[in-house]
Amino acid sequence: VQLQASGGGLVQPGGSLRISCAASGSIFSISVMGWYRQAPGNQRAMVATITSDGSTNYADSVKGRLIISRDNAKNTVYLQMNSLKPEDTAVYYCNANIWRPGIGWYNSWGQGTQVTVSS
């Protein structure tokens, strides 16, 4: 199973960007999906998570600006980022709890996508 993130890039302060992450492979079920970010010199931190029934959780620093959503049929999670600030600059990683026959539940990370907010 692979988590493939895409959509990162360079955006000006105040701008918007949407990143996505698709899980592919032999997947029976995915429970929580989420986005985490890591800026240089900092630890990886939770940005937002979403359960399979759509319940969301956000870091205080992104509430009201970033919106997480998912398409269960496509095993894909999205992060719509609005009113971006320079401090949002980081590598964004997707994460998912996946269930596979013969393996059970396990946690998986995507490869990360760079988001840079700069004028």
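**Salt bridges in the predicted model**

Arg-65 counts as buried, at 10% relative accessibility, where buried denotes under 20% relative accessible area, exposed over 50% and partly exposed the range in between (1.4 Å probe, protein chains only). The structure is a predicted model, in which local features need pLDDT of at least 70 and side-chain atom pairs count only at pLDDT 80 or more, whereas totals for chains, interfaces and linings use all residues. Residues are numbered from 1 along each chain as its sequence is written, and side-chain values use heavy atoms, with hydrogens and water left out.

A search of the whole structure finds 3 salt bridges, a salt bridge being a side-chain nitrogen of Lys or Arg within 4 Å of a carboxyl oxygen of Asp or Glu. The side chain of Arg-65 forms one of them with that of Asp-88, at 2.7 Å from N to O. Because Arg-65 lies in the loop between β6 (56-58) and β7 (66-71) and Asp-88 in the loop between β8 and β9, this pair ties together parts that are 23 residues apart in sequence; strands are DSSP runs (E, at least two residues), numbered from the N terminus. Salt bridges with shared partners join Arg-37, Arg-65 and Asp-88 into one network.

Arg-37 is placed in strand β4 (residues 29-38) and Asp-88 in the loop between β8 (76-81) and β9 (90-100), so that the pair ties together parts 51 residues apart in sequence. Arg-37 counts as buried at 15% relative accessibility, and Asp-88 likewise counts as buried, at 1%.

A further salt bridge links the side chains of Lys-63 and Asp-60 at 3.1 Å, N to O; Asp-60 is exposed, with a relative accessible area of 65%.

Terms used: Helices (H or I, at least four residues) and strands (E, at least two) are DSSP runs, numbered from the N terminus.
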